[in-house]
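Subject: A structure for you to look at

Hi,

Here is the structure I promised to pass on. Have a look at it first, then read my notes below.

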Amino acid sequence: MPDQKQKSAHQPTNGSAVKHLTVSGPAHRLVGAEAARLGLTRTEYADAAIRYFAERGLNPVESQAREGQLIMAEVKRLGDRVFSYLQEQERGLLLEMLRFQLRQQAVQEQTLRVVENLLAPEGGEALHKIQQKNQARIAEAVAAGMAALDIKALKKTR
């Protein structure tokens with residue numbers, strides 16, 4: 001069949017001579033049908049298909065299996081990145097929630113001690129000293145709680 005349509009932007013214009021290939025009958029029919037569907041000549045279609053496989057280093061006989069593997073590898077890589085990001089976000093949230101909880105618990109304990117000491121007949125100067133001690137104890141309790149975790153991943157997010 002003649003393959004002499006007008007040259008389009010898809011066909012190489014470097015003046016190279018057209019060479020002939022032998023293909024099976026079913027492949028020839030597929031080339032003709034796909035080229036017609038896309039508005040290309042058979043030569044343009046075959047050139048583009050050959051360049052596609054050559055530029056990507058793909059074996060056209062194994063292309064379906066290889067493309068599937070490449071797609072699955074990319075999906076897995078993206079999934080791993082999303083999961084890693086979510087883990088990092090979760091660590092940061094959990095660390096802050098834990099820090100807040102430990103502080104609240106320490107404040108509550110120290111408040112109870114202040115109330116107990118207020119009931120004692122000691123006066124204002126003693127109350128000021130008690131408050132200073134309580135602030136130091138709260139800081140120590142939070143630090144001790146955080147140190148008890150001893151999880152390296154949590155410490156990274158600080």
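Before the details, one term: helices (H or I, at least four residues) and strands (E, at least two) are DSSP runs, numbered from the N terminus. Keep in mind that this is a predicted model, where local features need pLDDT of at least 70 and side-chain atom pairs count only at pLDDT 80 or more, while totals for chains, interfaces and linings use all residues. Residues are numbered from 1 along each chain as its sequence is written, and side-chain values use heavy atoms, with hydrogens and water left out.

Of its 158 residues, 13% are buried (under 20% relative accessible area; exposed is over 50%, and partly exposed is in between, with a 1.4 Å probe and protein chains only). The accessible surface, from the Shrake-Rupley method with a 1.4 Å probe and, for residues, only the protein chains shown as cover, comes to about 12,800 Å², and carbon and sulfur atoms hold 58% of that.

Now to Gln110, which sits in helix 3 (residues 63-119). Is Gln110 buried or exposed? Gln110 is buried, at a relative accessible area of 5%. Contact means heavy atoms within 4.5 Å. If you set aside neighbours within four places in sequence, Gln110 touches Asn134, Arg137 and Ile138 in that sense.

Next, helix 2 (residues 42-56): its 15 residues reach 21 Å from the first C-alpha to the last, close to the expected 21 Å at 1.5 Å a residue (the expected span is 1.5 Å times one less than the number of residues). Just after helix 2 comes Gly57, with a positive phi of about 65 degrees.

For aromatic pairs, rings of Phe, Tyr and Trp (its six-membered ring) need centres within 6.5 Å; planes under 30 degrees apart are stacked, over 60 edge-to-face, and the rest tilted. That rule gives one aromatic pair. The partners are Tyr52 and Phe53, edge-to-face, with 5.3 Å centre to centre and 90 degrees between the planes. Tyr52 is partly exposed at 30% relative accessibility, and Phe53 is partly exposed at 21%.

Finally, have a look at Leu21, in the segment before helix 1 (25-38). Leu21 is exposed, with a relative accessible area of 67%.

Happy browsing!
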